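The entries follow in the order I made them.

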Amino acid sequence: MKVDFVQEPPRLGNQYHDDRLLRSYLARELPPEVAREIEPELAEMGERAGGELYRLQLADRSSEPVLTRWDAWGNRVDRVEPTAVWRRAERLAAEAGLVATAYERRHAAQSRIHQFALIYLFTASTDIYSCPLAMTDGAAATLLASGNRRLAERIVPHLTSRDPAGFWTSGQWMTETIGGSDVGRSETVARRDGEGWRLYGRKWFTSAVAAQVALALARPEGNPGGGRGLALFLVETRDSDGRPRNLRIERLKDKLGTRKLPTAEIFLDGTPAEPVGELANGVRQIATVLNLTRAWNAVSAVELMRRGLALATDFAGRRSAFGRPLAEQPLHADTLAGLEAELEGAFHLTFLLAELLGRIEAGEPRPADELLLRAATPLAKLLTAKQAVAVASEVLESFGGAGYVEDTGLPVLLRDSQVLPIWEGTTNVLALDLLDVLDRQRALAPLVATINAAADAGDHRELEVPAGAARDATAAATAWLAATTDPDARQAGARRLALTLGRALELALTVRHARWALDAGGDRQSLACARRLAGDGGPLAGLTPPVAAAVATP
Ligand code: MFK
């Protein structure tokens, strides 16, 4: 039998040039001279992401990191051999300054936007190499904030180096068998001997175990229980011969996704370590890492959505069914438009974190920026992660059976997205964190003010409905908080509260951008996304409930 038809696979172009949303956001937010200066870097990363790296990723699809515990002569070596994409990504990350850009601060308050744009372009083609980079960024910020100048001067130049030979990554060793969320119960002990501090215990979920250093929580002997009794330590993982320093990698985890990422169970058996700061309040000290990796989580979520949509959109132009290309089928086009709206909302919320971080780190904060960042970080992490999973699932479906077949390279999008709501604080842990910040730190007022100001900035006849939906949802969430005094009822509603406020913020920021885009040149795509997010134009729900329907009700 002769089979004539062969389906063309989806193709990617330059991922910077093809990105309407990124380019229009940067045009709005950056001074023209900054935009001009960074554009060649972004275009180069976009070219790599859609070309060289994407090809390498497809070719290297089935390889995984390999743990070798003993050498041929019986010596314990605990070596992890990364995949080809990871080796390439490590070098490129250093040279392109994926971490360094935030610390060189060449563009003052805009430096984090610059860095987030690079991460966004780099992430989907590098098999979650963003994980060690996120922790490296968090470790650099933590060491710089610690006041421990000696340690910071020794380690931070490696973490922020652009020289691949001198570039180090950092791990973050918190999770133990006793739990990933309730970190205060950690059982790892720190003991001091004649040479200094040593750690003893088992870390159960250590991502990117090949890093040169790690920040680890341990309880100095005699300290009380709970998070306050933990201290934060820096571990240099290998000696000058590359041998592990009194630590054993027991095994790599057999995970649903992120399989290129060597996540390990490790045993610390007297591992030398240095205290980063005081010998207590370790959870408070590691919170700087948590907040930055949560922001990276959001960028990764947005980028995985963008990658899925880029592939699905290209494919819709190549694949015909029922007499015309999928792109011309109204229902298929409408489905992709719903995904585009999710991406746009998530993008604006994530880049709000970059704006806030950049202003704070450059010493140019606006009033309430710090409080707003504290509240917006768990919001962005929890909402974008949920959106990424939902979008990845729809993207696979948009390819029909091909989306379910491994060697198309598509299923990994869904598997890798599924980690985003789990690690770095689950949706519920972050919803409770937000509730705590709203209650104890009074972060509701700046959050509400930001949503309302962004909605007001969208003052335009065609944006009235979405802007109103963002304000109404915020008012409903505020009223629910005021009316709900029972602590259990507040906790039970915390997820719905967070999703409501998060979607209201995404919508308001999209409205603001849509207004700018209309004024700047008549681009109506952000307007369409805002209306879609608001459920404007009819009672039919989109991918996730329109914002007005998500309002927190008990
Ligand atoms: C794709 C790229 C991105 C991802 C790559 C990362 C890969 C890494 C993989 C992992 O390691 S995943 C594991 C991540 N684990 C978590 O995210 C832990 C989740 N659990 C929590 O976040 C809990 O809420 C927490 C551990 C913080 C609760 O512990 P405690 O001991 O009950 O802490 P508590 O009493 O809530 O807070 C202690 C102090 O820290 C308080 O300050 P004070 O001592 O001054 O009162 C808190 O205000 C402060 N704090 C807690 N969370 C904070 C924070 N401060 C600032 N920001 C935060 N987020």
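Entry one, a cavity. I listed the lining of the second largest cavity as Trp173, Val209, Ala211, Thr237, Arg238, Pro244, Leu247 and Ile249. On a 1 Å grid over the protein atoms alone, a cavity is a set of points where a 1.4 Å probe fits but cannot get out, and lining residues have an atom within 4 Å of a point. I sorted this lining into 6 nonpolar, 1 polar and 1 charged. Here Ala, Val, Leu, Ile, Met, Phe, Trp, Tyr, Cys and Pro count as nonpolar, Asp, Glu, Lys and Arg as charged, and the others, Gly among them, as polar. The volume of the second largest cavity is about 50 Å³, where a volume is the space filled by probe spheres set on the grid points, joined across faces, edges and corners.

A note on the source: this is a predicted model, in which local features need pLDDT of at least 70 and side-chain atom pairs count only at pLDDT 80 or more, while totals for chains, interfaces and linings use all residues. Residues are numbered from 1 along each chain as its sequence is written, and side-chain values use heavy atoms, with hydrogens and water left out.

Entry two, alanine 362. I found alanine 362 in the loop between helix H10 (330-361) and helix H11 (369-398); helices are DSSP runs of H or I, at least four residues, numbered from the N terminus, and strands are runs of E, at least two. Beyond its neighbours within four places in sequence, alanine 362 is in contact with Arg105, Ala108 and Ala109, contact meaning heavy atoms within 4.5 Å. Alanine 362 has a relative accessible area of 25%, so I marked it partly exposed (buried is under 20%, exposed over 50%, partly exposed in between, with a 1.4 Å probe and protein chains only).

I noted a count of 48 salt bridges, each a side-chain nitrogen of Lys or Arg within 4 Å of a carboxyl oxygen of Asp or Glu. Which residue does glutamate 342 meet in a salt bridge? Glutamate 342 pairs with arginine 503, at 3.2 Å from N to O. The pair links helix H10 to helix H17 (residues 494-521), 161 residues apart. Glutamate 342 is buried at 3%, and arginine 503 is buried at 7%. I also wrote down one network of salt bridges with shared partners, made of Glu37, Glu41, Glu104, Arg106 and Arg162.

Key. On a 1 Å grid over the protein atoms alone, a cavity is a set of points where a 1.4 Å probe fits but cannot get out, and a pocket is an open set with protein on both sides within 12 Å along at least five of seven lines; lining residues have an atom within 4 Å of a point.
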